[in-house]
Amino acid sequence: MDSQWKRFWETGLFPSLEFSLSLSIGYVLSLFFYVAGSELAFIDRTDTAYPILQALIAISFAAGFIYRKYKQNLSFTISLGLLTLTFTQVIWLLSGNTSEFLIDYIFSFELVLIGSMFSAFLIGIYGGSLRDFRFLSFTLGVTAFTFYSLFEPNQNYSIKVLLASLYILLSFYFFSTLFQQTPISSKFYKIRSKIGKHPLFSPFYRSSLSLLIAYCVLHLYFQPGPKIPLILSISFSVTIGRALSLVSGLKKETKSVFLIGRVALLFAFFFFIYQTYWSSFFIALCIITGTIVGFFKPNKTPYKEYLMIGIETCIYLGLSFLLYFWNLPMGIRTLTAILFVPVLMYPYLLQKHIVRLPRIAMFVAATVIVVLFFSPPTIRTSSPFSKKEIFDPIPFAITNLNFNEEEYIFYKSVLPFPSNPFLPKRSEIKGKTVVLGLNSNQSQIISYIERLSEENHPFLIITTRNKTNQFHHINALSLLSRKSFWNFDIYYPNYLANKINYSNSLPSDWKLKYYSEKLDNLTFSEAVNVLDSVLKYSSGDLRKDAVEIKHLYYESFASYAKFYHNIGQNKLSLDAIALARKFESPKPDLLRIAYNSLKFTTPEADYIPILEDLSKDSEFQEFAWNSLIPMFESLGEWNHALNTMSLLEKYYRVNNQMEQANELELARVRLYINQENWKEVEPVISSRLRENPNSVIWERLKNEVIEKKDSLRRISVRPDVREARIQ
C-alpha cells in the first residue's frame, strides 16, 4: 500500500503539482510585473531610494537563486522558517486596512524595502530549483499571461492581492520541501538532450544570455512604455527553443546545429549593435536571443559560468551607457563600440575544440557588423508639453490662499506653480499643504488622500468647471468638504474648514448678494462684459467690488503668464496675457514678459492688442511697431499700417537713425503706390528728388508713378477695358 502511494506521489501527484505550481507562478509573476509597472510609473525614480530598492531586489534574487541552484536540498529548519514568513506576509497583505502598494512606497518605504527583498529572495530560491520540466511550465505560464493581456489590456488587479497570491503559491513549494528534500520527480522526468551536454554549444548559451539580459536592461531605460511585447517575445522564444532542443532528429545534426548557432548569434549581435533602431528591431532581437538561450541551455551550469555571464552583462551595459552619455566623435565612438566584439566572442574563442578558421571568421564578421552598422542608442526624451496637460486658467486669486512653494507642494495642479510630476513622498510634504489635481490616475490619488486624511495632513483638490472642460466628480470626493468659486471648486478635509474662505480684501457678503449669480460659470469674455456693465451703470460698493474683482482676475492670469513664460511656453504665456489685459491694462512686468515671449513666437492677429499695449511703452515701441506693420498689411488694414509706419519713421528720425528712417519711408511710398494714393506719394517723391537729384531709387519711383498713372488714363478712355478691369 505504501509503495502504491509512493509511486502515485512520485509519478502522478507530485509532478502534476510541480507543473501546476510552475505554471501558476509564471502567470501570477508576469501579471504582478505588468500591474506593478503601471503603478510604479507614478513614483519618482530620480531619487536615491528607487535605485537602492532595485539594487537590493536584484541582490536578494541573486542570493536566493545561487543558494538554491547549488544547494539542492533545503533543510527542514530553513523550509519551515520561510514558510512561516510567507504566511506572515500573506496575512499582512490581506489585512483589512492595508493601502495600495504605491501608497506604502510613499509613506512606508522601509516596509516596502524589506518586503521586496524577501519576495525577491523567495523567487530566487524557486527559480534556482527549476529544472527542465518545471522551467517549461514556468515559461508557459508567462506566455499564457502575455497572450491574455493582449486581449484584456485593462488589468484591474490590486498589486497586494497579486503579491498575496504569489506568496500562497510559493508556500505550496516550501510546504512540499518539508516532506520531500530531494526532487523525486526528476527520477521520472529527467529531460536531457545531447545538445545540452555538448561542450561546443555552451558558448552560444553564455553569449546569448548575457546579450539578452543587457538588452532587456537597456530596453527598460531607453524605451519606456508597455513591456508586454518584450515579455511575450522572450517567454515564447525561450519555450520554443527549449522544446526544439528535445527533438530527437536535431540531436544527430551536430554540424548543422553548430552552424545555425553561429549564424543566429551573429544576427542577434547585428540587431543589438544597431541600437538607434531598437524600437523597430527589438522583438527580432528578443526572439533570436531567447531561442538561442532555450535551445543551447546546458544540462548543468557551474556557478562560475553565471559569474562570467554577469561580468559580460555589466561590460555590455557599461559600454552602452558610456556611448550614450559621452558626446564623442563618431570615429572614436565606433572604435569604442568594437569592444563589444571580444565580449561577445570571448566564450567562443576559448573553445579549443573549435578549429581556428571558424573562430577567426566569426570574430571578423562581428567586427565588420560594428564598423558598418553601429549607431548610438536613441536618447530617451520626455513627452512634449501639451496645452491639454494644464487646464485653462482659473481666477484663483479670489481665494485668500497665499500659494507659495514654502507652504504648498503641487501635484499636477491646475494652478500656475511648479508641479511635482510624481506623488510627493512623506519627506517632501512635511510642513506643507498638498495641492492635487484630478486630471489623471484618480484611483491612486484617492488612495493618497485617504492616507493623508488618516494622518490629518492638510491637502486641497482643485477642479475646474469650464464649459469646454467639464469634470465629472468621482464619488470619493463626496466625503470631503467643498467650496465653490467661479469656474472652479476646492475640496478639502473637514479639519481644514477654518482655512478656506474668501479673500480678506473683499466684503464677506458680495458673492451672495450679486456677483455669484452674475459671474459663476461664465466665460472670461462674458465676465468682462458683466463687470464693465456694473462699472458703467452702478455706483457705491457694487462698483468698488467690481474694480476689486477685475484686479483679482488680472492678478490670476498674470500669474499664469509668468508661470508659462518661466517654463518656456511662450504661446501659452501670450494667451494668458491676452486674458489678463481684458480686465486691466498690463503692468510693466507683464509687458516685459509679453515682449520676451513675442520674440520667440510666430506673429498672430490675436496678439495685435498686446503689441498695441507694448507700443505705448517707450522701451518696446520700436519692436511693437515693426511687428504690427506686416500684420496690418497681411490683414489689408492699410490705414493702420501707414499710421504705424509714420510713427516708426518719426521715432527713427528723432533717435537719429536715418538709414532705418529712409528705408521705412521707401516702404511707406511703395504702399501708397499700391493704393494709387497719388496725393500722398507725389509730394514725397518730389521733395526727395530735390534733396538728392542723382538718386536712382527716387527717380525709379517717379517713373513708376508716371507709368502707372498713364496706364490708368488709357484704361479710363477705353470703356471696354475699364469694364473688364472692374470685373
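Biologist: What makes Phe147, Leu150, Phe151, Phe236, Ile240, Leu244, Val247 and Leu250 a nonpolar patch?

Modeller: A patch takes residues with over 30% relative accessible area and no salt bridge, and it joins nonpolar side chains (Val, Leu, Ile, Met, Phe, Trp, Tyr) within 5 Å, or like charges within 9 Å. A salt bridge would be a side-chain nitrogen of Lys or Arg within 4 Å of a carboxyl oxygen of Asp or Glu. These eight residues form such a patch on the surface, with about 720 Å² of accessible area together. That area comes from the Shrake-Rupley method with a 1.4 Å probe, and for residues only the protein chains shown count as cover.

Biologist: Good to know! What are the ground rules for the model itself?

Modeller: This is a predicted model, in which local features need pLDDT of at least 70 and side-chain atom pairs count only at pLDDT 80 or more, while totals for chains, interfaces and linings use all residues. Residues are numbered from 1 along each chain as its sequence is written, and side-chain values use heavy atoms, with hydrogens and water left out.

Biologist: Which helices each supply at least two residues of the patch?

Modeller: Helix H6 (132-151) and helix H11 (228-245) do. Helices here are DSSP runs of H or I with at least four residues, strands are E runs of at least two, and both are numbered from the N terminus. Phe236 sits in H11.

Biologist: Why is phenylalanine 236 called partly exposed?

Modeller: Buried means under 20% relative accessible area, exposed means over 50%, and partly exposed is in between (1.4 Å probe, protein chains only). Phenylalanine 236 has 42% relative accessibility, so it counts as partly exposed.

Biologist: And why is asparagine 456 called exposed?

Modeller: Its relative accessibility is 51%, so asparagine 456 counts as exposed. Asparagine 456 lies in the loop between helix H20 (442-454) and strand S3 (459-464), and its phi is near 55°, a positive value in a residue other than glycine.

Biologist: What about lysine 412: why is it called partly exposed?

Modeller: Lysine 412 comes out at 29% relative accessibility, so it counts as partly exposed. This lysine is in the loop between strand S1 (408-411) and helix H19 (426-429). Phi of lysine 412 is also positive, near 45°.

Biologist: What makes helix H26 mostly covered?

Modeller: Six of the eight residues in H26 (residues 608-615) are buried; they are Ile608, Ile610, Leu611, Asp613, Leu614 and Ser615. These buried residues pack against helix H24 (570-580), helix H25 (588-598) and helix H27 (621-635), where contact means heavy atoms within 4.5 Å.
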